[in-house]
Amino acid sequence: MSNFEYIISSLPYLTADFKYEDGEGFRSITDQIRSNLSEKDAGALDFLLKGFDADELNPDFYALALAHPVKFLREYFRFDLNLRNAKVGFLNRELGRPDGQDLITGAGTEEDENLDIDLYRFRGGEFEEERKVASALAQDSLLGREKALDDITWEKISSLETFHYFDITAVLAYVAKLHIVNRWLALDPDKGRELFRELVNEVRGTFTGVNYKE
């Protein structure tokens with residue numbers, strides 16, 4: 001059985017001059033989390049981490065993701081698929097490439113197996129954030145564009161973890177946000193620290209409902 005209470009309460013706290021300790025980093029934190037998860041929950045965490053590898057983001061991965069038994073993973077990667085395709089569509093237009101080039105869809109052929117009647121293994125579904133993403137992509141500043149897109153992703157993760165405190169959803173949401181933080185620590189240390197502080201405060205704030213005191 002996963003020890004969610006211990007995991008959440010043991011998450012690293014950010015100081016004003018936060019930085020990873022020597023030999024530590026994103027992977028060390030996720031390894032520590034995994035050590036307190038059941039085999040089933042560790043599998044869900046590993047699937048999320050696999051999705052952070054751009055080389056893994058292909059139709060086969062998304063077919064598995066959108067059928068995953070953990071709702072957070074289904075909805076997170078549905079958003080991730082739509083966001084990725086929005087980025088690719090934007091680049092296609094900007095570079096004059098053919099419309100639809102390099103988009104990931106679940107479309108197949110008549111010879112494919114495990115397809116529904118419309119020859120699709122999966123669909124992205126409704127993309128509620130489409131307008132926000134389009135606005136973010138239209139920014140002239142590359143750094144500003146990336147920040148805006150990560151802000152949208154952060155908000156999406158927050159919406160998926162609503163009312164989840166001590167369960168696998170809370171853990172996966174933390175790791176998904178930590179992944180954003182880790183990226184900004186590499187791109188912009190000040191922004192990374194700001195996001196990490198926000199993340200830790202959010203997590204510590206979940207104890208309010210269970211009378212947690214320091």
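## Helix packing and aromatic contacts

In this predicted model, helix α5 contributes Phe72, Leu73 and Tyr76 to a contact with Thr169, Leu172, Ala173 and Ala176 of helix α8. Classified by residue type, this contact of α5 with α8 comprises 6 nonpolar residues and 1 polar residue, with no charged residues. Helix α5 spans residues 71-95 and helix α8 spans residues 168-187. Their axes lie 9 Å apart and the packing angle is about 30°. Angles under 35 degrees count as roughly parallel, and α5 and α8 are therefore roughly parallel to each other.

In one of them, the ring centres of Phe47 and Phe61 are 4.8 Å apart and the ring planes meet at 15°, so the pair is stacked. This pair links distant parts of the chain, 14 residues apart: Phe47 belongs to helix α3 (residues 39-50), whereas Phe61 belongs to helix α4 (residues 59-65). Phe47 and Phe61 are both buried.

Ring pairs also join Phe47 and Phe61 with Tyr62, Phe72, Tyr76 and Phe77 in a cluster. Among these cluster members, Phe72 and Tyr76 also take part in the contact of α5 with α8.

A ring contact of another kind involves Arg123, whose charged end sits over the ring of Tyr120. The two ring contacts with stated distances are set out below.

| Contact | Distance |
|---|---|
| Phe47 and Phe61, ring centre to ring centre | 4.8 Å |
| Arg123 charged end to Tyr120 ring centre | 4.0 Å |

Note on methods: Residues are numbered from 1 along each chain as its sequence is written. This is a predicted model: local features need pLDDT of at least 70, side-chain atom pairs count only at pLDDT 80 or more; totals for chains, interfaces and linings use all residues. Side-chain values use heavy atoms; hydrogens and water are left out. Axes are lines fitted to C-alpha atoms, for helices over the stretch in contact, and angles run from 0 to 180 degrees between N-to-C directions. Helices (H or I, at least four residues) and strands (E, at least two) are DSSP runs, numbered from the N terminus. Angles under 35 degrees count as roughly parallel, over 145 as roughly antiparallel, 65 to 115 as roughly perpendicular and the rest as oblique. Contact means heavy atoms within 4.5 Å. Ala, Val, Leu, Ile, Met, Phe, Trp, Tyr, Cys and Pro count as nonpolar, Asp, Glu, Lys and Arg as charged, and the others, Gly among them, as polar. Rings of Phe, Tyr and Trp (its six-membered ring) pair if their centres lie within 6.5 Å; planes under 30 degrees apart count as stacked, over 60 as edge-to-face and the rest as tilted. Buried means under 20% relative accessible area, exposed over 50%, partly exposed in between (1.4 Å probe, protein chains only). A charge sits over a ring if NZ of Lys or CZ of Arg is within 6 Å of the ring centre and within 35 degrees of the ring normal.
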